[in-house]
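Student: I have this one open for the first time, and I would like to go through it slowly. Could you walk me through it?
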Amino acid sequence: MTEASSAATVASATQPQLVIDNVFKQFGEGPGAVIAVDNVSFDVKPGEFVSVIGPSGCGKSTLFNIIGGLLDEYSGNVMIERERIAGPHKAVGMVFQEESTFPWRSVMDNVAFPLELQGVAKSERLDRAAHFIDLVGLKGFEKRMPFELSGGMRQRVSIARTLVSGPQILLMDEPFAALDEQTRLLLGDKITQIQQELHQTTLLITHNLTEAVQLSDRIVVMTYRPGKVKRVVNIDLPRPRTSDVVSSDAFGHYVAEIWADLREEASRGMQDSENMQRGRARRG
Amino acid sequence: MAASGEIRTATMGFRAKPNSMARQTNIIRIAIVLIIAVSWEALSRSGLVFKDVVPSLFSIGAAIGKLLTLPAFYANLQVTAWEIFLSLAIGSSLGIFVGILLGSNRFMSFAYEHYVYYLAPTPRIIFFPVMIMWFGVGIASKIALGALSCFFTVALSTAGGMREIDKVLIRVGKSFRATPMQMGLKIYLPAMRVPVLNGIRLGFGTATVTCLLAETKLSNQGLGYMIMQIYSRFDMPSLYGLLIIVFVVAGIGNLILGKVTGTSA
Ligand SMILES: Nc1ncnc2c1ncn2[C@@H]1O[C@H](COP(=O)(O)OP(=O)(O)OP(=O)(O)O)[C@@H](O)[C@H]1O
Ligand SMILES: [Mg+2]
């Protein structure tokens, strides 16, 4: 406990590596416009693991794409190492929410893709890719094509592909959504392990509360439409942390606390879509 | 037994056709060919129609045998094959290039794509007089016409393929900061492989039709020219024989292209 809090004070003394400053993004104009991200501000320090949690449709993926430099036409600033980003930043690696393996490449060639772009020699490329394939538990599947794998396995290929590029800042958009609970916990352990070893700054987007508490140093809770920051919660659970932490009292405490906030937002989201359906039924 | 067989069919249907179905199709195919052949021969011998219009299968067979020994046949075959090959090469390259422009650029597609759609179904042969004026009566005008017809097919399927690329794959490439060249070679091209190759295969068909058609109109060599020559002699067995040969050669060409491109019928 003391170890963790001293680590936290050291971290808070250092400069943030990633700053999200008043980011605002609206889709469309006029009455049909949707405010996806509404003046969101938070920052992430080097080596810190931060999760953004919020109900479906609250603007998490939009924020993710903005931070990744894939979406311009937003207002506010995204700064990495105190510089405003212009397009995808070289320090950032992204894992997408959607199915994103290349269907024409084998598992090995998928994972080696970023190294191929960097012009890494073939033998080194294969070695490094093999290491991360092993890490996500896909050893023996190197030669398989994506269509021969399950959805969860394909998602692990995408994770390995991003990890192999050795990003200083890892952005992940619901990377574990397609996985079963056990795989999710174990892969979460693996990610935490690498993250701690490489001191990798990580921003995880999720709507899974257990996952967020298990992995994070800090959790940013977002509201449902417009997507604002509702609360930021520090998670002072000891590190090194494994999935065993899930059964601890402190863990349950955090989950209960954040769930209260989240439930409010999620039910607003549900109501919203119910109203929309009812409106549609009335019109139709 | 039967149930397990059915499960296999259901799960493997996507990859491999069950054997019994293939055998059944083959039997039906052979039966249909036999029925047509027998009816043809019966009609030919019945004397109901003019003997020259429906010649006996045996005379057609003999004519095919004779054609296959003629050096002129091989010379003409070579000319036509060369025309089709060049049409396909030129038409596909231009088609892929323009297709990528149309597919990737919203302005270009808005401004020009409907013209391509309007022009695509017009019979290319109506441009033949223009091609003769530009390229002369030799093989160049046939190649130009063949390339033109192949171009439309390939351009449209490339543009369509370009638009159907899974957008997230493009974002993956960008997030890894791929250069435009790398995006093209490692993402767009492989992602569009299937529609582009299908376009090229269809382009082969249209190029073949167009080249042969053009040869029958105005030329002094090629299989189309040879068909018209035989026709002018009213040598019906040879005419049917040559048509069958052309049919088979085109089929083999399509088969080879299918094998090479890895797209099967
Ligand atoms: N390209 C777009 N054009 C118009 N509206 C969009 C676009 N992308 C997202 N939106 C809208 O913005 C809102 C936020 O979408 P976003 O994908 O960021 O949600 P999310 O929090 O990632 O949801 P989920 O958890 O289901 O993935 C949604 O209401 C969505 O309809
Ligand atoms: Mg999302």
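Tutor: Let us begin with a term: the bounds of a domain, as used here, come from an automatic or database domain assignment. With that in mind, and remembering that this is a predicted model, chain B is divided into domain 1, residues 2-54, and domain 2, residues 60-261.

Student: How many Å apart do the C-alpha centres of domain 1 and domain 2 of chain B lie?

Tutor: The C-alpha centres of these two domains of chain B lie 29 Å apart.

Student: Staying in chain B, where is Arg193(B) found?

Tutor: Arg193(B) belongs to helix α9 of chain B, which covers residues 180-217, and with a relative accessibility of 43% Arg193(B) counts as partly exposed. Arg193(B) and Gly161(B) are 32 residues apart in sequence, while their C-alpha atoms are 8.3 Å apart in space.

Student: Now the ligands. Which residues come nearest to ligand 1?

Tutor: There are 14 residues around ligand 1, and those that come nearest are Ser56(A), Gly57(A), Lys60(A), Ser61(A) and Thr62(A). By type, the shell around ligand 1 divides into 4 nonpolar, 7 polar and 3 charged residues.

Student: And which parts of chain A supply at least two residues of that shell?

Tutor: Strand β2 (34-44) and helix α2 (60-67) of chain A each supply at least two, and the largest share, 3 residues, comes from α2(A).

Student: Which polar side-chain atoms lie by an oxygen atom of ligand 1?

Tutor: Lys60(A) has a polar side-chain atom 2.7 Å from an oxygen atom of ligand 1, Thr62(A) has one at 2.6 Å, and Glu174(A) has one at 3.1 Å. As for cover, ligand 1 has 640 Å² of accessible area on its own, and the protein covers 64% of that.

Student: What about the magnesium ion, which residues coordinate it?

Tutor: The magnesium ion, ligand 2, is coordinated by the OG atom of Ser61(A) and the OE1 atom of Gln97(A), at 1.9 to 2.2 Å. Ser61(A) lies in helix α2 of chain A, whereas Gln97(A) lies in the loop between β6 (92-95) and α3 (107-111) of chain A, so the pair ties together parts that are 36 residues apart in sequence.

Student: Why does Ser61(A) count as partly exposed?

Tutor: Its relative accessibility is 24%, and a residue counts as buried only under 20% and as exposed over 50%, so Ser61(A) falls in between. Gln97(A) is partly exposed as well, with a relative accessible area of 36%.

Conventions
Residues are numbered from 1 along each chain as its sequence is written. Chains are lettered from A and ligands numbered from 1 in the order in which they are written. This is a predicted model: local features need pLDDT of at least 70, side-chain atom pairs count only at pLDDT 80 or more; totals for chains, interfaces and linings use all residues. Side-chain values use heavy atoms; hydrogens and water are left out. A residue is near a molecule or strand if one of its heavy atoms lies within 4 Å of it. A polar contact is a pair of N or O atoms within 3.5 Å; within protein, one must be able to donate a hydrogen and the other to accept it, and residues adjacent in sequence count only if both atoms are side-chain atoms. Accessible areas come from the Shrake-Rupley method with a 1.4 Å probe; for residues, only the protein chains shown count as cover. Helices (H or I, at least four residues) and strands (E, at least two) are DSSP runs, numbered from the N terminus. Ala, Val, Leu, Ile, Met, Phe, Trp, Tyr, Cys and Pro count as nonpolar, Asp, Glu, Lys and Arg as charged, and the others, Gly among them, as polar. Donors are N, O and S atoms within 2.8 Å of the metal (3.2 Å for Na, K and Ca); water is not among the atoms, so sites may look incomplete. Buried means under 20% relative accessible area, exposed over 50%, partly exposed in between (1.4 Å probe, protein chains only).
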